[in-house]
Structures are given as C-alpha cells and as structure tokens.
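User: I'm new to this structure. Can you walk me through it?

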Amino acid sequence: RITDLSELGNLHIEAEDRLSLDDKAVVVGDVNAGSIVLAGRIMGNIKAAGTVVFEQTALLLGDIECAGISVKEGAKLSGKIIMQGSQNIEFEKELDI
C-alpha cells in the first residue's frame, strides 16, 4: 500500500499484482500493475492487465489502458480510455448489422 509519494517527484511505478493507492497518494508519472485501486491522485498514464477501480476521491490526469474499469461517483478523470481488445472490434459485427 502506497500512501504519500509527493516528495519523490516524477515516478514510474510497476507492480505485477494489485496496486492500491490511498487517498493521500500523489503520483506524477506512469503506473503499470496487474490491477489498480486508486483513491489518490495521479498525473500520468495508467495501464493494468486487469481492472482499474477509481474510488470517489480519485483524480487522474492521463490515459487509461485496462481490461475492466469501475468508477465511483465523485471520481475525477481526464484522458482517454482504451479497453484491451477493443482495437480489433468491428462495429458492424458487434451490432449484428
């Protein structure tokens, strides 16, 4: 569990498993993990092989790439979302056109 990273400056965080950042966490840099639970603040891109959960206190200024996403009411996000596997979706097939 990571709490306050504000004194460390620019970071690049990588974790194979679940990474939880509590409401006091401040990260400037990219975050990669198996899954991510964010209650703090990140200015950078995040990538997860699994699910990303944004708690109500979360703030993200950056892009998200993940397999699944959950956003609680109150979370603030600014960036684009890329769902893994979505790059190969054929719109007409998905709608049975």
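Analyst: Let's start with a strand pair. E2 and strand E4 (residues 46-48) pair in the parallel sense over three bridges. Two strands count as paired if DSSP finds at least two bridges between them. Strands (E, at least two residues) and helices (H or I, at least four) are DSSP runs, numbered from the N terminus. In E4, Ile 46 is the bridge partner of Val 31.

User: How is E2 paired with E3, and over how many bridges?

Analyst: E2 and strand E3 (residues 41-43) run parallel, with three bridges. There, Val 27 has Ile 42 in E3 as its bridge partner.

User: Which residues make up E2, and how does E2 join E5?

Analyst: Strand E2 covers residues 26-38, and three bridges join it to strand E5 (residues 51-54) in parallel. Leu 38 stands opposite Phe 54 in E5. E5 also pairs with E8, parallel again, over four bridges. Val 53 faces Ser 70 of E8 in that pairing.

User: Before going on, what sort of model is this?

Analyst: This is a predicted model: local features need pLDDT of at least 70, side-chain atom pairs count only at pLDDT 80 or more, and totals for chains, interfaces and linings use all residues. Residues are numbered from 1 along each chain as its sequence is written, and side-chain values use heavy atoms, with hydrogens and water left out.

User: What is the mean pLDDT of the chain?

Analyst: The mean is 83, and 75% of the residues reach 70 or more. pLDDT is the predictor's confidence in each residue, from 0 to 100. Where pLDDT is low, the predicted coordinates should not be read in detail.

User: How many helices and strands are in the chain?

Analyst: One helix and ten strands. From the N terminus the order is β-β-β-β-β-β-β-β-β-β-α.

User: What about Leu 60: buried or exposed?

Analyst: Leu 60 counts as buried because its relative accessible area is 0%. The cut-offs are under 20% for buried, over 50% for exposed and partly exposed in between (1.4 Å probe, protein chains only). Leu 60 is in strand E6 (residues 59-61).

User: Which residues does Leu 60 touch?

Analyst: Not counting residues up to four places away in sequence, Leu 60 touches Ile 42, Gly 44, Ile 46, Phe 54, Lys 76, Leu 77 and Ser 78. Contact means heavy atoms within 4.5 Å.

User: New topic. How many salt bridges are there?

Analyst: The count is one. The rule asks for a side-chain nitrogen of Lys or Arg within 4 Å of a carboxyl oxygen of Asp or Glu. Glu 55 and Lys 72 form it, at 3.0 Å, N to O. The pair links distant parts of the chain, 17 residues apart: Glu 55 is in the loop between E5 and E6, Lys 72 in the loop between E8 and E9.

User: Why does Glu 55 count as partly exposed?

Analyst: Because its relative accessibility is 24%. Lys 72 is also partly exposed, at 37%.

User: And which residues make the nonpolar surface patch?

Analyst: Ile 69, Val 71, Leu 77 and Ile 81 make a patch of about 290 Å². Patches are made of residues with over 30% relative accessible area and no salt bridge; like charges are joined within 9 Å, nonpolar side chains (Val, Leu, Ile, Met, Phe, Trp, Tyr) within 5 Å. Accessible areas come from the Shrake-Rupley method with a 1.4 Å probe; for residues, only the protein chains shown count as cover. Val 71 sits in strand E8 (residues 68-71).
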